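Below is a short note on the model, arranged as numbered points. Please read it alongside the coordinates.

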Amino acid sequence: LFHGKDLVYLTPDADEELAFLDNNKVYVIGGLADKGRIAGASLARAKALGARPVRLPASAVGAFDHTGQTEFDKNGQSGGQSGEKGHGWVKRIEHVVRLLARFGETKDWG
């Protein structure tokens, strides 16, 4: 459906941090919201698809409180906190979508 060059694959194992959103790209966020995550699996999938692998920056973690909930939805549930490479913090997909939408509007992760 989409060519790999048009995909940006969010994975906690990527070297590159997501610095901007490109309206001409398709963002894949499943690798951040998989509680059964296998280290490196989403990065390998991104590479297999020819997608650009990126991770959310550590500063984006500030949008989540210690329980993994965002300011948007205090009814969420998940854990983990690190935005560092390889330390995948699991988030509900709707939280990541809201975080990306807000970043797209404000250009700020905070």
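1. Contact range. Of the contacts in the protein between residues at least 6 apart in sequence, 66% link residues at least 24 apart. This is a predicted model, and the points that follow should be read with that in mind.

2. Element content. The protein has 2 helices and 3 strands. Read from the N terminus, the order of these elements is β-β-α-β-α. The chain has 110 residues, of which 39% count as buried.

3. Sheet. The 3 strands make up an open sheet with parallel pairing, in the order β2-β1-β3. β2 (26-28) and β3 (52-54) are the edge strands, and each of them pairs on one side only. From one strand to the next, the twist averages 25 degrees.

4. Pairing of β1. On the β2 side, β1 is joined by 3 bridges and the two strands run parallel. V8 is placed opposite Y27 of β2. Towards β3, the pairing of β1 is again in the parallel sense, over 3 bridges. In this pair of strands Y9 stands opposite P53, and L10 has V54 of β3 as its bridge partner.

5. Faces of β1. Helix α1 lies across β1 and β3, and it runs at about 170 degrees to β1.

6. S42 sits in helix α1, which spans residues 41-49. Is S42 buried or exposed? S42 counts as buried because its relative accessibility is 9%, and the cut-off for buried is under 20%. The side chain of S42 makes a polar contact of 2.5 Å with the side chain of T11. A reader checking side-chain geometry can find this pair by the two residue names, S42 and T11.

7. Nonpolar core. The largest nonpolar core consists of 12 residues: V8, L10, L18, I29, V54, L56, A60, V96, L99, L100, F103 and W109. Two elements give two or more residues to this core, namely β1 (7-10) and α2 (93-106). The largest share, 4 residues, is from α2.

8. Aromatic pair. How many aromatic pairs does a search of the whole structure find? The search finds 1. It is formed by F103 and W109, whose ring centres are 3.8 Å apart and whose planes are at 5 degrees, so the pair is stacked. The cut-off that matters for this label is an angle under 30 degrees between the planes. F103 is buried at a relative accessible area of 5%, and W109 is buried at 8%. Both residues also belong to the nonpolar core listed in point 7.

9. R55 is located in the loop between β3 and α2. Its relative accessible area is 13%, so R55 is buried. A polar atom of the R55 side chain lies 3.0 Å from the backbone oxygen of A14.

10. Backbone of K107. K107 is in the segment after α2. Its phi is near 60 degrees, which is a positive value in a residue other than glycine. K107 counts as exposed because its relative accessibility is 61%, and exposed means over 50%.

11. E105 is part of helix α2. With a relative accessibility of 69%, E105 counts as exposed. E105 and L21 are 84 residues apart along the chain, and their C-alpha atoms are separated by 9.9 Å.

Methods. Residues are numbered from 1 along each chain as its sequence is written. This is a predicted model: local features need pLDDT of at least 70, side-chain atom pairs count only at pLDDT 80 or more; totals for chains, interfaces and linings use all residues. Side-chain values use heavy atoms; hydrogens and water are left out. Buried means under 20% relative accessible area, exposed over 50%, partly exposed in between (1.4 Å probe, protein chains only). A polar contact is a pair of N or O atoms within 3.5 Å; within protein, one must be able to donate a hydrogen and the other to accept it, and residues adjacent in sequence count only if both atoms are side-chain atoms. A nonpolar core is a set of buried Ala, Val, Leu, Ile, Met, Phe, Trp, Tyr and Cys residues joined through side-chain atoms within 4.5 Å. Two strands pair if DSSP finds at least two bridges between them. Axes are lines fitted to C-alpha atoms, for helices over the stretch in contact, and angles run from 0 to 180 degrees between N-to-C directions. Contact means heavy atoms within 4.5 Å. Rings of Phe, Tyr and Trp (its six-membered ring) pair if their centres lie within 6.5 Å; planes under 30 degrees apart count as stacked, over 60 as edge-to-face and the rest as tilted.
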